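Here are a few exercises to work through with the model open beside you. Try each task before reading its solution.

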Amino acid sequence: MNCFMLPTSLCRALEQVMARFRWRSNGIKRGIHWTTWTSLARPKSYGGLGFRELGQFNVALLAKQCWRLITHPDCFLAKVLKARYYPTSDFLSSNLGSNPSYIWRSL
């Protein structure tokens, strides 16, 4: 999740699986849904259970990767991406370029 932008449909499907697991009492019967997923995903300080919304968590992890590229320009990944996608500029002013990889498009 920290390298690729996951499709929204996949994030929703994973959240459904997590919610189904949370509410199911056993493998045969359906469980009772006591509350909505949005209330479960609220932080504990606001009365939720602290589950993460996977779409937002994915974006946060990608932003963390971008921050690492900015703050640690001497790491191997930053050097490779700089050589391929922004050799004459910096990370923040770089363009998508021609034929970008899925990782670069995600970042």
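**Exercise 1. Describe the overall build of the protein chain.**

Task: Find what share of the contacts between residues at least 6 apart in sequence join residues at least 24 apart, then describe the build of the chain.

Solution. Start with the contacts: in this predicted model, 43% of those between residues at least 6 apart in sequence link residues at least 24 apart. Next, take the secondary structure, which amounts to 5 helices and 0 strands, giving the pattern α-α-α-α-α along the sequence. Now turn to the dimensions. Along the principal axes, the C-alpha atoms fill a box of roughly 60 × 30 × 20 Å. The radius of gyration is 19 Å, while a compact globule of 107 residues would have one near 13 Å. Finish with the surface: 22% of the 107 residues count as buried, and the chain exposes about 8100 Å², with carbon and sulfur atoms supplying 60% of that area.

**Exercise 2. Work out how α4 is oriented.**

Task: Decide which residues of α4 are buried, and what these buried residues pack against.

Solution. First, pick out the buried residues of α4: Ala78, Leu81 and Tyr85. Viewed down the helix axis, the buried residues of α4 fall within an arc of 70 degrees, so they line one face of the helix. Then look at the other side of α4, where Phe76 and Ala83 are exposed. Last, follow the buried residues to their partners: they pack against α3 (54–71) and α5.

**Exercise 3. Characterise Ser94.**

Task: Is Ser94 buried or exposed, and which backbone oxygen lies 2.7 Å from a polar atom of its side chain?

Solution. Locate Ser94 in the loop between α4 (76–85) and α5 (102–106). With a relative accessible area of 19%, Ser94 is buried, since the cut-off is under 20%. The oxygen in question is that of Phe91, 2.7 Å from a polar atom of the Ser94 side chain. To complete the picture, list what Ser94 touches when residues up to four places away in sequence are not counted: Tyr86, Ser89 and Trp104.

**Exercise 4. Count the disulfides.**

Solution. The test to apply is a sulfur pair within 2.5 Å. For Cys3, the closest cysteine sulfur is that of Cys66, and because the two are 11 Å apart, they are too far for a bond. Cys66 is likewise in no disulfide, with the sulfur of Cys3 as its nearest. The count is therefore 0 disulfides.

Terms used:
Residues are numbered from 1 along each chain as its sequence is written. This is a predicted model: local features need pLDDT of at least 70, side-chain atom pairs count only at pLDDT 80 or more; totals for chains, interfaces and linings use all residues. Side-chain values use heavy atoms; hydrogens and water are left out. Helices (H or I, at least four residues) and strands (E, at least two) are DSSP runs, numbered from the N terminus. Buried means under 20% relative accessible area, exposed over 50%, partly exposed in between (1.4 Å probe, protein chains only). A polar contact is a pair of N or O atoms within 3.5 Å; within protein, one must be able to donate a hydrogen and the other to accept it, and residues adjacent in sequence count only if both atoms are side-chain atoms. Contact means heavy atoms within 4.5 Å. The radius of gyration is taken over C-alpha atoms; the globule rule is 2.2 Å times the number of residues to the power 0.38. Accessible areas come from the Shrake-Rupley method with a 1.4 Å probe; for residues, only the protein chains shown count as cover. The arc is that of the directions from the helix axis to the C-beta atoms.
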